[in-house]
Amino acid sequence: MQNQSSNLQMSDKVLQGYIFISLTLLTLYPALLAGGYVGYLVLFQSQLPPWDALIAQVVVLAIGFFSGVGILGYGIKIIHNFWLLQLARMAAVLSMAGMLVFYIKIVSKLALENYTLPKFFLHIVLLVVMAFVVLLLDRLHPMPIHQFYLLPLLMGTLVHFLAMLVHYVVADPKEPWYVLGDLTLFAIVLAICMAFSGHLVEALNFLAYKITKTIVEA
């Protein structure tokens with residue numbers, strides 16, 4: 001009788017695993033795929049839709065993403081299914097890869113001086129959102145590895161610095177004020193690196209303390 005009860009519990013867990021896997025594949029992954037498609041159109045095809053259409057797209061993507069995250073996170077919490085853990089890890093890694101492509105493309109557009117101010121800030125916002133997505137997806141897994149994402153991200157900042165060096169020192173830039181865009185992007189990516197390392201709040205508190213102390217004791 002006890003063996004039969006154990007078998008029923010095991011079968012129930014297997015069934016629950018299949019249900020959560022199916023729901024994740026039908027919510028989170030389509031939302032990530034659609035988000036990647038929208039990002040591709042905006043960044044690579046320069047097909048920026050009207051603002052009302054873009055807001056509608058963002059709302060639908062947010063519904064799919066947060067529904068999928070909720071389903072996957074709850075599934076991981078109540079049943080320790082190997083494939084659910086793999087889905088969480090793979091989603092985070094794919095999002096990180098997309099973020100790096102996005103970052104490098106922004107750097108190249110700055111180097112080519114191919115930016116309007118609204119588009120630049122839109123792309124910066126999308127980059128920050130992608131960083132948030134990576135962190136959130138990574139935290140679904142019981143063993144987060146966001147610290148390891150620092151290596152490719154720091155490699156990206158190295159590429160960015162070398163691009164700035166060539167663009168503003170070696171070459172003759174047509175619009176030197178583009179350096180403000182590079183500086184903004186560089187600072188934001190460094191802040192994202194601090195967030196991935198888990199020390200962003202600590203660094204901000206330390207900076208605020210030093211600034212406050214300098215002002216008070218001046």
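At roughly what angle do the axes of helix α3 and helix α6 cross? I began my notebook with this.

**Entry 1: ground rules.** I noted that the model is predicted, that local features need pLDDT of at least 70 and side-chain atom pairs 80 or more, while totals for chains, interfaces and linings use all residues. Residues are numbered from 1 along each chain as its sequence is written, and side-chain values use heavy atoms, leaving out hydrogens and water.

**Entry 2: α3 and α6.** I looked up α3 (residues 82-111) and α6 (residues 179-197), whose axes come within 10 Å and cross at roughly 160 degrees; helices here are DSSP runs of H or I, at least four residues, numbered from the N terminus. That angle makes α3 roughly antiparallel to α6, a term for angles over 145 degrees. In contact (heavy atoms within 4.5 Å), I found M96, M99, Y103, I106, V107 and L110 of α3 meeting G181, D182, L185, V189, I192 and F196 of α6. I sorted the residues of this contact into ten nonpolar, one polar and one charged, where Gly counts as polar and Asp as charged.

**Entry 3: the loop to α4.** I then turned to E113, which lies in the loop between α3 and α4. E113 has a positive phi of about 55 degrees, although it is not a glycine. Most residues other than glycine have a negative phi. E113 counts as buried because its relative accessibility is 17%, and buried means under 20% relative accessible area with a 1.4 Å probe, protein chains only.

**Entry 4: α4.** Among the buried residues of α4, I listed F120, H123, L127 and D138.

Conventions
Axes are lines fitted to C-alpha atoms, for helices over the stretch in contact, and angles run from 0 to 180 degrees between N-to-C directions. Helices (H or I, at least four residues) and strands (E, at least two) are DSSP runs, numbered from the N terminus. Angles under 35 degrees count as roughly parallel, over 145 as roughly antiparallel, 65 to 115 as roughly perpendicular and the rest as oblique. Buried means under 20% relative accessible area, exposed over 50%, partly exposed in between (1.4 Å probe, protein chains only).
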